[in-house]
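Subject: Structure handover

Hello,

Here is the structure you were expecting. Please open it first, then read the notes below.

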Amino acid sequence: MNKTPNSNRKHIGIFGKTNSGKSSLLNAITEQEISIVSDIKGTTTDSVTKAMELIPYGPVLFIDTGGLDDTGILGNKRVETALNELKRTDFILYVLDATDSDLNYYKEKIKELKRYKSSHLLVINKMDLLSEVETENIKTQLIKEMGLKLKNTSEEEFFKNDIVFVSSKKRENILIFKELLVEKLSSEEQEESIIGDLLEYGDTVVMVIPIDSEAPKGRLILPQVQLIRDCLDHGIKSHIIRESELESTLKDIKKIDLVITDSQVFKEVDIMLKDRAPLTSFSILFARQKGNIDILIEGAKSVEGLKDGAKILIAETCTHNTSHDDIGRVKIPKLLQAKTGKKFEFIFKMGREYPKNLEDYDLVIHCGGCMVNKKNMQSRISESGKKNTPITNYGLIIAHLNGILDKSIEILKK
Ligand code: SF4
């Protein structure tokens, strides 16, 4: 389970003021010294991540962020880094120091944090430092300040569902907290399959994977591995072949329900297939799973409106040193200019680096984003939307430029 890629883990961001007990909470959850705990404010500068198996929920990635009330030039930078983590956060743990329970600050901050629509849980930490009277006071204060919710629920439910009181020093508290977190995460979990909801149990897919000089030695790349696993999970029979074996495979297998190809041989595979089976690509399936496919389809069609000299951003979410460097850096630019007969300016951004000035670009062409979670991919799509810059992805643009876009998204309409 340790091998679960981070992109497949639920990302849980831990936010709060400096010294509110975020790091001690993470250390208590993981039962390890992951984050430095200190009484000196601002000890957590850059975010600290820890992948773990949250039993019985499954694989998660905790992100311990710097304090939101940090000040000064460096402090502001740290706040910016913390807020940036929201883009990949699926669930927020907001940690409040029981001895400094500034609820107005919390209410203001949680509004800001929830901009990315993440669900959250309020964790009141350091309860061991409060007397019984102080504990009752803080509960009364919480009901008063956040009474709106109480109108629809009992006091007991209110505390159980939305707020958890802990002391990171008490193991029994942490166990209860973990149970509640599992409950919260499970209740909102929607099983998001790559292909399992498009095909039936027992259907057959053929995956076409070119093994050329760009393919990594001795292994498959992550999108291919994830898709094979998704087929296994859903009882879909998969045949993995190179394009050179496609003709003979088509003769051998009577019933093929879908052919999934690497985008770089889209055209060749379409010609060989002669409409014998529906066709799509790995990155189109990932585009559907990780983002808003309709926006990405529109983005692909927007190439018609590009003028000579248009500025195009080619973005990849990992800095791999293998295979489809070539698709993004060479093949797509070449194909785009050949098909449109125009010259464009291409700018390449790899890894977590993503420009803020998207309004300066005429089109964003993104990779499948298999290394990042859905939240992260959607955040990039929505940033483009805010700046009115069309966005598409590798598979969709290649399909469009080869005149097979409609065919390659037909399977998604099921
Ligand atoms: S470039 Fe994108 S699609 Fe390719 S491996 Fe990296 S994250 Fe996945």
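Helix H1 spans residues 22-30, and eight of its nine residues are buried, so the rest of the structure largely encloses it. The buried ones are Lys-22, Ser-23, Ser-24, Leu-25, Leu-26, Asn-27, Ala-28 and Ile-29. Just after H1, Glu-31 has a positive phi of about 55 degrees. Asn-19 counts as buried because it has 21 C-beta neighbours inside 10 Å, where 20 or more are needed.

Now the overall picture. This is a predicted model. The mean pLDDT of the protein chain is 87, and 89% of the residues score at least 70. Confidence is lowest in helix H5 (residues 147-150), with a mean of 54. It is highest in E7, at 98. The protein chain holds 16 helices and 14 strands. Of its 414 residues, 36% count as buried. Among contacts with a separation of 6 or more, 76% join residues 24 or more positions apart.

Ligand site

The shell around the ligand has 13 residues, and Cys-318, Cys-367, Gly-368, Cys-370 and Met-371 come nearest. By type, the shell divides into seven nonpolar, five polar and one charged.

Cores

The largest nonpolar core has 52 residues. Those with the most contacts inside it are Ile-195, Val-259, Leu-285, Ile-332, Ile-365 and Leu-396. Domain 2 (204-283) and domain 3 (291-410) each supply at least three residues to this core. Apart from it lies another core, of 33 residues, including Val-60, Ile-92, Leu-93 and Leu-96. Back to Leu-285: beyond its neighbours within four places in sequence, Leu-285 is in contact with Ile-194, Ile-195, Leu-227, Ile-260 and Thr-280.

Two long-range pairs

Glu-192 lies in the loop between helix H7 (171-188) and strand E7 (204-208). Is Glu-192 buried or exposed? Glu-192 is exposed, because 11 other C-beta atoms lie within 10 Å and the limit is 12 or fewer. Glu-192 and Lys-290 are 98 residues apart in sequence, yet their C-alpha atoms are 9.2 Å apart in space.

Leu-405 belongs to helix H16 (residues 405-409). Leu-405 counts as partly exposed, with 19 C-beta neighbours inside 10 Å. Leaving aside neighbours within four places in sequence, Leu-405 is in contact with Ala-300, Leu-396, Ala-399 and His-400.

Backbone points to check

The peptide bond from Ile-55 to Pro-56 is cis, with omega near 5 degrees. Pro-56 is in the loop between strand E2 (48-54) and strand E3 (58-64). Lys-126 is a residue other than glycine with a positive phi, near 65 degrees. Lys-126 lies in the loop between strand E5 (119-125) and helix H4 (132-145). Lys-126 counts as buried, with 23 C-beta neighbours inside 10 Å.

Best regards

Key
Residues numbered from 1 in each chain as written. Predicted model: local features only at pLDDT ≥ 70, side-chain atom pairs only at ≥ 80, totals over all residues. Near = placed C-beta within 6 Å. Nonpolar A, V, L, I, M, F, W, Y, C, P; charged D, E, K, R; others polar. Helix = DSSP H or I, 4+ residues; strand = E, 2+ residues; numbered from the N terminus. Core = buried A, V, L, I, M, F, W, Y, C linked by C-beta atoms within 7 Å. Domains from an automatic or database assignment. Contact = placed C-beta atoms within 7 Å. pLDDT = per-residue confidence, 0-100.
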